Every structure is written in C-alpha cells, then in structure tokens.
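Dear colleague,

Please find the structure below for your study.

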Amino acid sequence: MTEDRTATPEQPGSQWYDNEAGPLVRPYAMTGGRTKPGPTGVRFDLIALVTLDAGAPEVGDDIALGPEHRALVELCRIETQSVAELGAGTDLPVGVVRVLLGDLLELGCVTVSRPVPPAQLPDERILREVIDGLRAL
C-alpha cells in the first residue's frame, strides 16, 4: 500500500504540504529562530530602500549565506528595492526578510536608506507655491 504524502491538518503528527510546492519550510528555520534583525536591533520599514553596497564582498562560498540571503542579494544586484518588494520577489514573509537583511547589513553587503519621517518633509502648501511660481515664469 502506498503512503499518502498529502496529509490533511486533521491527521495528527503528519507532515502536510502543497503537492506543487514540496515540503513546507517554517520561517524560523530560515532565520535560525531569530525574530529581530541582528544584534544591533535595526528595524527595517516596509518602504526602506535596500541597495547592494558597491564595496560589498563577493557573495561566494567563502561567506556562509543561505539560499534566501543569496536571493535577496541577487534582487538587489538588479536594482534598488524596498523591503516590501524584496519580500514579494523572494516570496518570503516580511519578518523573515527583515532578519535576513539584518545579516546582510552586518556583513556589509547592503546599505539601507530609511524613509524621511513625515515631520521632516516640506509643507505641501510651500511646494504648491513653488510650482505655481515656476508655472508663472
């Protein structure tokens, strides 16, 4: 008799997975159980921009990175992307992406540009006056 590998959640102790996706890897397995990015406790906003550092070490076999780290580096190699875009591009939860980016930041592989707080943005009224002044020229 053949064992049914597509178990349902009701079957206790069974490993259930999507037939097309293969076995399920839990997010904590990708991050080594960590939930915060690096010992520095850096927090990555969803709109923070991540760029591959020009002076970054080559991501070869000498640097111990997992496949998820490498996928993030490859996406950043193409163009600067936000944390949300990296999560979508790798099909990983944003919490996992933040932890992995913390690792890459500590290794000097990426740089992060944090968004400007709304309090530091110029007043919309002033910008409209500038635009109106430019149109009047």
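At what angle do helix α2 and helix α3 pack, and how far apart are their axes? In this predicted model, local features need pLDDT of at least 70 and side-chain atom pairs count only at pLDDT 80 or more, while totals for chains, interfaces and linings use all residues. Residues are numbered from 1 along each chain as its sequence is written, and side-chain values use heavy atoms, leaving out hydrogens and water.

Helix α2 (residues 67–78) and helix α3 (residues 83–90) pack at about 120 degrees, and their axes lie 10 Å apart. That makes α2 oblique to α3 (angles under 35 degrees count as roughly parallel, over 145 as roughly antiparallel, 65 to 115 as roughly perpendicular and the rest as oblique). A71, L72, L75 and C76 of α2 make the contact with L86, G89 and T90 of α3, where contact means heavy atoms within 4.5 Å. By class, this contact of α2 with α3 has 5 nonpolar, 2 polar and no charged residues.

Helix α4 (residues 94–107) also packs with α2, at an angle of about 80 degrees and with the axes 10 Å apart. The two helices α2 and α4 are therefore roughly perpendicular. On the α2 side, the contact is made by E68, H69, L72 and V73.

R43 is found in the loop between α1 (27–31) and β1 (49–52). R43 counts as exposed because its relative accessibility is 56% (buried is under 20%, exposed over 50%, partly exposed in between, with a 1.4 Å probe and protein chains only). Leaving aside residues up to four places away in sequence, R43 touches R98 and R114.

With kind regards

Conventions. Axes fitted to C-alpha atoms, helices over the stretch in contact; angles between N-to-C directions. Helix = DSSP H or I, 4+ residues; strand = E, 2+ residues; numbered from the N terminus. Nonpolar A, V, L, I, M, F, W, Y, C, P; charged D, E, K, R; others polar.
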